[in-house]
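This briefing is for a reader meeting the structure for the first time. Please look over the sequence and the model, then read the points below by topic.

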Amino acid sequence: MRTQTSFNGISTTSVYQEGDCHSLVNLRKKNGAMLPVSPRGMRYEIGDQYDLIFIHETPKYKNWIGVKNHSGGNSDIYYWKEDEGQFTIPIKISLAQVNNVNDIEQTGNILSLITGNGIQYLLYDKDEYNFLGKFPELKNIKYLIVPKDVSKFYGEVFGFIDDSDDNSISETYSKALPISLLKERSIAIFNKVVNELDNMFFSDAHLMIFAFRLYDGSLVKASMPVLLTNPNYSESEVSFLWYPVLENQIMNARIRTGVGVGDKEAATINIRLYRVFLDFDLSYLENWRDVIQSVDVFISKGLGYFSENNFRDLKYEDLYLNEGGHASIFGSYPLLLDQSKMIDGLDSALFYHMYSIEIGEKNSITFSSIENPTQGQYSFPKKDYLNNLIYNELLSVDAFSNHSISSKSSYVYNSRVHIANVKNILFNGWSYDFGNMFRLKDALPTYNGFRLIDYMQYSYPRSIGSVALLLIAVDLKIDGREETVISQYETQDLPTYFWMNPYFAYPDTRAFRARFYWSTGVSHYKIHEIELKPSFSMNLAYYISTTGDKTKVMPPIPNVIQSIQPEQLPSAPAEHFYMYPVVEHTEPNKLKVSALNNPFVFPNATTYILGSGTILNMNSVAIRISEGQFGQYPLYVFTNEGIYSLQVGQGEVVYSNQSAPVSYETPSTDIICSTPFGIAFASARGLCIIMGQEVALLSGGLQQAPRELNIQSHPSLEGILLNYGALSFTEYVKQIEFMLYDPHENELIISDKDSDFNYVYSFDSKQFYISTEKVDQVIENSFPELLVCENSQGKTAIKDYAIAGTADTHISLITRPLVFDTPDFKRLERMVLRGTFFDLRDLAGKKPFVLNYFSIDGVNFDILRGIPLPLQSRKDVDMGLFGGSKYRQFIFALGAMVSDKSEIQYLESEVSKEYNNDKMR
């Protein structure tokens, strides 16, 4: 009986097709035949080895980025250009300190460096890379509050009761001027003057806040709000002076202009208002000019402290009568110090846009006295500001942007950066000098809303040391445990005066306490402690003084600070400098998505919590291109609890989240790969692929552990016949480092760089083979090309899967046991390998061989015949007559160095059954 056996890919299952291979190396099934897979060609060689290579490409340029991560935790970054296949010499990018770079993501000409301690940025502009580093913190913007006493005269505002009784002045006064009417008309005058002066002065208390505005208009890094109030409000901040005349002992309120007497009712209001002046220098943001458009100033509506609602009722004893020829009546309207109303206003405060300060601008306040500054460009309020406040732009709720974030997984899709398994590096908090009065000894003061004259009696001693620190420790409760972050303000000279703004905040609602320390760098003395409450309207926790005093938040510092017992804070200080701890908080089940075309902003609205496990990786079916993937394909998020599918949303909704995993097939590694047929991943069963809601097992033929086969070896076969059949594929995929899709051959490459070979799955034939192509590294962002690196002797060869490096190919094939349709003994008479073999060559002195093995027990296989092949091209290989050898199973094997133009078609065999009847024996 003559049979034809077609060769197939590798399988390990107990039931298999005749022609399946035990080991198949550098041979792929294509167009019905086995074709050699030649080594890939080197396109470029670079002198150094890099831990990561990324292609930064736009329609205008193509640059290569190389990252070297050092054992000390820092990285060096280089770039070189490619133009029409020519490469420039690598140039080291000038950097500040960069921690080990895990990945790089591209958004136009901006590169996001995903590092272990946050995201850092590179900007390509004018043919060079500008290292931006981490997104900057907003430095202190000083502000000066200047009070203004205003006196306004109004006529024709009162119509008091006429009393014709001949009474004393005081009796007539008490009857003619009802208290309720006086208060009502006083409030009318108050509102009138406030409205008239709203383009010049503030009257009420407000909150002021600063934020960075980016190139797309988004706002980030909102500062701690500071409370603006008029310095030193007193119980006579609002007072009225009425001008009555005595005429026939009848009290009529009449106008008095100058020293004359008119015939109209009139009154004068005395009120204290204020203006705000800003002092800043934004030159430290020059490198960020292309990203940060401006620093914007926002202010809240009046908090209701200085308003008609806080006028208390006027009592008779509060009125004073001048019994001269022209009597005057003075009424003082003190404000009610109702802190509960003010706290309610703070808790629900919204902030409206007032100023945009361009990057690089400076504005200094000069003055002859604190009450007499030279008006700079940035003073406010502006004309009609208060009347139109609610029509101005509203500050959005900050997305915890003061924290730094990093991740173990990143991805760009639809022009948005995705990061998962998020690590939050908590913001250490604003330092002592932010929004506070702080003056160094013998130096000009910074005012920030305070009048130094009121605090001259409070002074720090100057005997602690030459270097001192002011520390603020903020305590947070995160997932049931307490964390402490510490900000520091270092001074070479001890401050003479210090006082906190009455409003203190930390940009995280989980903060619950703040502790304030005076430190020498060795000993830390707690001088104050406050409780924080979460804000209703903002992502912050805050404190507001409830003592009725709007500026004196802290109690006086003891004159002898050494009388306070020092405390131990987290982490030990180093010499005189306190090394505050970096607090990291990992959220392994969180996915954050950036704003559109903006890798600096990760809004709260595009943050997703997926289960309670750990996100391993994410991808979509859209193949990666230089500007990021695009399309309406779902985003697959792979977790240790299953796979989630996030459907692309509409409008402001980026994804409509799935409440449960679409598949409970659990990935065994974080290595995944996007293909046109779905996302490939490894699981406990082997290699799988997910498309839509379905998961298919690609490696079903390799799922079973390989059967033990003892194949006889021979010195002539060493290095020429490759036997990888004893390896378990399911164990191999647990340690893989890459999965690559080859669009040229429609294949999936599964690689462990520590192994001598890769598994390759062909989507066309749905079969596996082994490739000995060395892959040490994958060039990221290279699609539609597939570029890899092979590192050797300190150099890196960049190989292109689209081109062959050489036609010479080392091929090896070992079939699984051939039974020829029966498990019984059979007589093998002849065997011919059909194919065309070009340029047969030896390999390191070893000749090409074809072999036939035999077995009686199906486990031990000995060589039945081995034939060395002549070093030449030939058609077919005839192994000759076997003389009717009778065995149960046979294995065919081939090892050779051939040209990649060769082709193996099938194995033709002449077999006779030992038993000619068909009955079971």
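The largest pocket holds about 1,300 Å³ of space. The model is a predicted one.

**The largest pocket**
- The lining of the largest pocket is made up of 43 residues, and the closest to the pocket centre are D103, I672, F738, V778 and E780.
- Several strands give two or more residues to this lining: β6 (52-58), β11, β29 (404-413), β43, β47 (667-675), β52 (738-742) and β56 (777-778).

- Strand β11 covers residues 101-107, and six of its seven residues are buried, so the strand is largely enclosed by the rest of the structure.
- β11 runs antiparallel to strand β12 (residues 110-115), and six bridges join the two.
- Across this pairing, S112 in β12 is the residue that stands opposite E105.
- β11 and β12 form a hairpin with two residues between the strands, and in this hairpin G108 has a positive phi near 60 degrees.

- In soluble globular proteins, nonpolar side chains tend to be buried together.
- The largest nonpolar core here has 66 residues, of which L687, I750, Y759, L833, F892 and L894 touch the most other members.
- Strand β64 (residues 889-899) supplies five residues, the largest share of this core.
- Another core lies apart from the largest one; it has 49 residues, including L132, Y352, M354 and V417.
- Neighbours within four places in sequence aside, L894 is in contact with L721, I811, S812, L813, L833, F837, F849, V850 and I904.

**A four-stranded sheet**
- Four strands form an open sheet in the order β43-β44-β45-β46, and their pairing is antiparallel.
- β43 (615-619) and β46 (655-656) are the edge strands, each pairing on one side only.
- Two bridges link β46 to β45 (residues 642-648) in the antiparallel sense.
- V648 is placed opposite Y655 of β46.

**E18, in a loop**
- E18 sits in the loop between β1 (2-5) and β2 (21-25).
- Is E18 buried or partly exposed? Its relative accessible area is 27%, so E18 counts as partly exposed.
- Along the chain E18 and L818 are 800 residues apart, yet their C-alpha atoms are separated by 6.2 Å.
- Not counting residues up to four places away in sequence, E18 touches T5, S6, N8, P817, L818, V819, F820 and D821.
- Its side chain reaches the backbone nitrogen of V819 at 3.1 Å, and a polar atom of the E18 side chain lies 2.7 Å from the backbone nitrogen of F820.

**R510, in another loop**
- R510 is found in the loop between β35 (503-506) and β36 (511-519).
- With a relative accessible area of 28%, R510 is partly exposed.
- The side chains of R510 and D508 are joined by a polar contact of 2.7 Å.
- Residues up to four places away in sequence are not counted in the list of residues that R510 touches: H403, D475, L476, K477, I478 and H585.
- One of these, D475, is 35 residues from R510 along the chain, with 8.6 Å between the two C-alpha atoms.

Key: Residues are numbered from 1 along each chain as its sequence is written. This is a predicted model: local features need pLDDT of at least 70, side-chain atom pairs count only at pLDDT 80 or more; totals for chains, interfaces and linings use all residues. Side-chain values use heavy atoms; hydrogens and water are left out. Two strands pair if DSSP finds at least two bridges between them. Buried means under 20% relative accessible area, exposed over 50%, partly exposed in between (1.4 Å probe, protein chains only). Contact means heavy atoms within 4.5 Å. A polar contact is a pair of N or O atoms within 3.5 Å; within protein, one must be able to donate a hydrogen and the other to accept it, and residues adjacent in sequence count only if both atoms are side-chain atoms. A nonpolar core is a set of buried Ala, Val, Leu, Ile, Met, Phe, Trp, Tyr and Cys residues joined through side-chain atoms within 4.5 Å. On a 1 Å grid over the protein atoms alone, a cavity is a set of points where a 1.4 Å probe fits but cannot get out, and a pocket is an open set with protein on both sides within 12 Å along at least five of seven lines; lining residues have an atom within 4 Å of a point. Grid points are joined across faces, edges and corners, and a volume is the space filled by probe spheres set on the points.
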